[in-house]
Amino acid sequence: MEEVALGSSKKMIATQQEMVDAKVPIPYRDQCAHILIPLNKCRQSEFYLPWKCENERHSYEKCEYELVMERMLQMQKIKEAQGLKKSGGVPLIPNPAAAS
């Protein structure tokens, strides 16, 4: 069963049943779940020691980073297609002189 999430070029490798069996929390059931499952098994077997399972953790974090970067690029393309400027919208720091 090959699924591609809406807007993502990565395929879902872990099936819904595998994620349910591994008790992966719903917010973590994304295209990186197939890496999270062995990471969580490693963490449990190593009693969550932070210096253990480093390779698995690095692989999972890299996968999540790539997903976030892909989403950011897609959002930038959408904004550019709508003609919005990068600095458009509500400013993070309002100008108090403009409020008067």
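Predicted model: local features only at pLDDT ≥ 70, side-chain atom pairs only at ≥ 80, totals over all residues.

Colleague: Which residues form a nonpolar patch on the surface with Met69?

Modeller: The patch consists of Tyr65, Val68, Met69 and Met72, and together these residues have about 380 Å² of accessible area.

Colleague: OK, let's step back. What pattern do the helices and strands follow along the sequence?

Modeller: The chain has 4 helices and 2 strands, and reading along the sequence gives the pattern β-β-α-α-α-α.

Colleague: And what about the inside? How many residues does the largest nonpolar core have?

Modeller: That core has 15 residues, and Met19 and Tyr60 are the ones with the most contacts inside it. Helices α2 (33-45) and α3 each supply at least two of the core residues, with α2 giving the most, namely 6 residues. As a general point, nonpolar side chains tend to be buried together in soluble globular proteins. Over the whole chain of 100 residues, 21% count as buried.

Colleague: Which residues does methionine 19 touch?

Modeller: If we leave out residues up to four places away in sequence, methionine 19 touches Met12, Ala14, Val24, Arg29, Ala33 and Ile37.

Colleague: Switching to cysteines: how many disulfides are there?

Modeller: The count is 2 disulfides. One of them joins cysteine 32 and cysteine 63, whose sulfur atoms are 2.0 Å apart. Cysteine 32 sits in the loop between α1 (16-21) and α2, while cysteine 63 sits in helix α3, so this pair ties together parts that are 31 residues apart in sequence. Both cysteine 32 and cysteine 63 are buried.

Colleague: And which cysteine is joined to cysteine 42?

Modeller: Cysteine 42 is joined to cysteine 53, with an S to S distance of 1.9 Å. This pair links helix α2, where cysteine 42 lies, to the loop between α2 and α3, where cysteine 53 lies, and the two cysteines are 11 residues apart. Cysteine 42 and cysteine 53 are both buried.

Colleague: Why is the disulfide of cysteine 42 and cysteine 53 called left-handed?

Modeller: The torsion about its S-S bond is about -90°, and therefore the disulfide of cysteine 42 and cysteine 53 is left-handed. The torsion for cysteine 32 and cysteine 63 is also about -90°, so that disulfide is left-handed as well.

Colleague: Last topic, salt bridges. How many are found in the whole structure?

Modeller: The search finds 3 salt bridges. In one of them, the side chains of lysine 10 and glutamate 66 meet at 2.8 Å, N to O, and this pair links the loop between β1 (3-4) and β2 (11-12) to helix α3, across 56 residues. Lysine 10 counts as partly exposed because its relative accessibility is 21%, and glutamate 66, at 32%, is partly exposed as well.

Colleague: And where do glutamate 61 and arginine 57 lie?

Modeller: Both lie in helix α3, 4 residues apart, which is about one turn of the helix, and their side chains meet in a salt bridge at 3.4 Å, N to O. Lysine 52 also forms a salt bridge, with glutamate 46, and there the closest N and O atoms are 3.9 Å apart.

Definitions and conventions: Residues numbered from 1 in each chain as written. Heavy atoms only, no water. Patch = residues over 30% accessible without salt bridge, like charges linked within 9 Å, V, L, I, M, F, W, Y side chains within 5 Å. Areas by Shrake-Rupley, 256 points an atom, 1.4 Å probe, with all protein chains shown as cover. Salt bridge = Lys/Arg side-chain N within 4 Å of Asp/Glu carboxyl O. Buried < 20%, exposed > 50% of the residue type's maximum accessible area, 1.4 Å probe, protein only. Core = buried A, V, L, I, M, F, W, Y, C linked by side-chain atoms within 4.5 Å. Contact = heavy atoms within 4.5 Å. Disulfide = S-S within 2.5 Å.
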